[in-house]
Amino acid sequence: MLAVSNRDPGLSIQDGPEGETKDRDGLLATACGGLELRSPIMPASGTFSHEMDQVLDVAKLGALVLKTTTFGPRAGNPVPRVSETSDGMLNSIGLPGGGFEHFSESTLPKYLHYGSPVVVSISAETVVQFGQMAQALTLPGVAAIEVNVSCPNIEADGKAFAMSKSATASVVAEVRASTNLPIWVKLTPNTGELVDIALASQNSGADAVVIANTILAMGIDAPTQKPTLGNVMGGLSGPAIKPIILRMVYQCASKLEIDVIGCGGIQSGVDVAEYLLAGAAAVQVGTVSFVDPTALVRIEDELVDFCRSQHHSSVRELVGALEIPGHSINTAVNQMDVAP
Amino acid sequence: MREEELPVASSLVVLSNVHVGDGYWHVRIRAEEDQLLAKPGQFFHLKCPTGASGPSYLRRPMSVYAINRELGFIEFLYKVTGVGTQGLASLQPWDELDIFGPLGVGFELPAGSGRSLIVARGVGLATMGPLVGGLVRNGNSVLAICSFRRPEAEVGLVPFELAGVEVHRVYDSDGSSDVSGLGRLIDDLSRVQPFASVYTCGSARLARLLSGLACLSGVPSQIAVEQRMACGLGMCHACVVPVCTPVASTEAAGDTGISETKKAGVQTKRVCCEGPVFGLDEIVGCWP
Ligand SMILES: Cc1cc2nc3c(=O)[nH]c(=O)nc-3n(C[C@H](O)[C@H](O)[C@H](O)COP(=O)(O)OP(=O)(O)OC[C@H]3O[C@@H](n4cnc5c(N)ncnc54)[C@H](O)[C@@H]3O)c2cc1C
Ligand SMILES: Cc1cc2nc3c(=O)[nH]c(=O)nc-3n(C[C@H](O)[C@H](O)[C@H](O)COP(=O)(O)O)c2cc1C
Ligand code: FES
């Protein structure tokens, strides 16, 4: 969803710690995908768990997006499950877990006391299972359901529901019929039809799309002649993917009515600003937390500093405010569509 | 100072970083108060600087080799193996190194005056540094068997010497590290005085030997293991190892990896937060 730039150059920042806090809260507060958020910054699924509360105040995160839970129990993939690339990493964790019943009994309760909106991420092997999970997980304390149709590891050869418009539409429609909670659909970047698949999600009842999951990739260790991951292929994440996902957010945001949540390679507050300018209403931050465990706090501080230095009184002013000299944003996107 | 430590990530001053032979380096770093509370067997996650082979993106796990709470420093003993450890080797005094920790569950130290057996090999000795001192301070006597490829590859013995414990050095080069010989040695030693606890790190061959020795049957035995990591904090499920202890109930295990995966027929634990120290049989029992 693109908004018109609305800077307030005359903003005066109040002095004193109390004024500062109020000012900061007002600056960060936003709404996205059917939820009111304290901040547009939240952790990405699979890169966050309650163990993070050893290093930062989890209650202050925009939302708590939990690790994807699957329909049935899964052992996960063989090790090595991660390897390093220049400026990022590969993972093929394989969604290990005890299935959604175990999740709702044992895992979910650990997140309900923080006070931040809890977003439950679900993945399944059939459309019907998606619906059953959405219904069963529509529980007190759950604020939204993120539908992970995009994990590249779970289907053979990295194929997933999110590779197909019709399969995505069926899943989202089934989830829509099974819950009254806001639905966020997490899409894969491994398709040339991302905008159409995002539109299909919107038309089937999604409240937001998360752009995007990891980029299907692989690594080879030449001396041992072996793949670097036990599962051969895996997902690329981290700063290496940011320009690609930023472009995808820009393309989707210009076409969709519903909110876009940007996710890919964010390392700094300025990266968040870039995603918001490209049209994201909020962002998810993943891999950087592995390298810098308190990154979510630092990034929020940096976003506040950026907004203040640019005289923005609310992060919402940034959303879709990209200025393209000589173009309206929609013309630019249309030109890209016809480019070879 | 609190008694329970929380992990802290901070950039700290390098006091020294020296090559100690055979590709092993020893780095001493000024540490924060909470970090100085690290227990034997715990580790830190190091953000390595760019070295000869370029930058590394993820952190690298390293066991604590020594801690000096009075003088406020911490030490790591590391073998240069790839891009990250090459970066560590480039550190100069007064450079800064970003370390995150302490992390993981360390060794359980018995109180009292029993006799402990430490069996370690190569870089595995780095993990044993704080343990040997801790055991002696707790009133245990310690016998160590330290295995190396050859005499020139000896590293990590300083904490053993400082603690004044008996060390048997064995080598591949003269055949003394051979497991059947070691088995007989441990058997003989335990006849003189039985061992009350066993600790091992650095060799699957030695771990298997210890787990199979009749003279150590029933003796509480612990092993420190390694696995590739990303977060180091229990969030990503990268660092799992198979384990073979039955878990009594889901409640008892909480939402750790083990209870989640138990139902899938394979039990795993996360090395970074449920380890790196495990019961010896828990680990060796799942090896083929
Ligand atoms: C809990 C723990 C404690 C450790 N303590 C020590 C120690 O005290 N001294 C020491 O020399 N080494 C120790 N290691 C091993 C050390 O982490 C690796 O040697 C180091 O990560 C290699 O990094 P590299 O970039 O030089 O090698 P590369 O081979 O280039 O590393 C590539 C990737 O593989 C990972 N990796 C490679 N080898 C290992 C390994 N053995 N274990 C885990 N990850 C690995 C790296 O972290 C990196 O992500 C420990 C490992 C663990 C898990
Ligand atoms: C180790 C790891 C595990 C992940 N697990 C999940 C998951 O369970 N569900 C999901 O939707 N995305 C998962 N992701 C993808 C992230 O949520 C995110 O989309 C991706 O990493 C890109 O963001 P980043 O570059 O900020 O990490 C995982 C990523 C990593 C690195
Ligand atoms: S390294 Fe992430 S869970 Fe252990």
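Reply: Happy to. Let's start with H3(A): its buried residues pack against strand S5 (69-70), helix H2 (100-107), strand S8 (118-123), strand S9 (142-148) and H4 of chain A. Keep in mind that this is a predicted model.

Me: Which residues of helix H3 are the buried ones?

Reply: In helix H3 (residues 127-136) of chain A, they are A:Gln129, A:Phe130, A:Gly131, A:Met133 and A:Ala134. As for chain A as a whole, 59% of its 340 residues are buried.

Me: You mentioned H4. What makes A:Thr168 count as buried or exposed?

Reply: A:Thr168 sits in helix H4, which covers residues 165-178 of chain A. The cut-off for buried is under 20% relative accessible area. A:Thr168 has 0%, so A:Thr168 is buried.

Me: And what is A:Thr168 in contact with, neighbours within four places in sequence aside?

Reply: Those contacts are A:Val149, A:Phe161, A:Ala162, A:Val185, A:Leu187, A:Ile197 and A:Ser201.

Me: Next, H7(A) and H9(A). Why are they called roughly perpendicular?

Reply: Look at the angle. The axes of helix H7 (residues 269-277) and helix H9 (residues 295-309) of chain A cross at roughly 65° and come within 7 Å. Angles of 65 to 115 degrees count as roughly perpendicular, so that is the name for this pair. The crossing is also right-handed.

Me: Which residues meet there?

Reply: From H7(A) come A:Gly269, A:Val270, A:Val272 and A:Ala273, and from H9(A) come A:Ile299, A:Glu302, A:Leu303 and A:Phe306. Sorted by class, this contact has 6 nonpolar, 1 polar and 1 charged residues.

Me: Now the sheet with the order S6-S7-S15-S12. How do you know which strands are at its edges?

Reply: That sheet of chain A is open, with 4 strands and antiparallel pairing. Strand S6 (82-85) and strand S12 (215-218) each pair on one side only, which makes them the edge strands. Direction ignored, neighbouring strands of this sheet are turned by 40° against each other on average.

Me: What makes S12(A) and S15(A) count as a pair?

Reply: Bridges do. S12(A) and strand S15 (residues 233-237) of chain A have 4 bridges, in the antiparallel sense. For an example, A:Ile215 has A:Leu236 in S15(A) as its bridge partner.

Me: How many helices and strands does chain A have altogether?

Reply: Chain A has 10 helices and 17 strands.

Conventions
Residues are numbered from 1 along each chain as its sequence is written. Chains are lettered from A and ligands numbered from 1 in the order in which they are written. This is a predicted model: local features need pLDDT of at least 70, side-chain atom pairs count only at pLDDT 80 or more; totals for chains, interfaces and linings use all residues. Side-chain values use heavy atoms; hydrogens and water are left out. Helices (H or I, at least four residues) and strands (E, at least two) are DSSP runs, numbered from the N terminus. Buried means under 20% relative accessible area, exposed over 50%, partly exposed in between (1.4 Å probe, protein chains only). Contact means heavy atoms within 4.5 Å. Axes are lines fitted to C-alpha atoms, for helices over the stretch in contact, and angles run from 0 to 180 degrees between N-to-C directions. Angles under 35 degrees count as roughly parallel, over 145 as roughly antiparallel, 65 to 115 as roughly perpendicular and the rest as oblique. A crossing is left-handed if the near helix is turned anticlockwise from the far one by less than a right angle, and right-handed if clockwise. Ala, Val, Leu, Ile, Met, Phe, Trp, Tyr, Cys and Pro count as nonpolar, Asp, Glu, Lys and Arg as charged, and the others, Gly among them, as polar. Two strands pair if DSSP finds at least two bridges between them.
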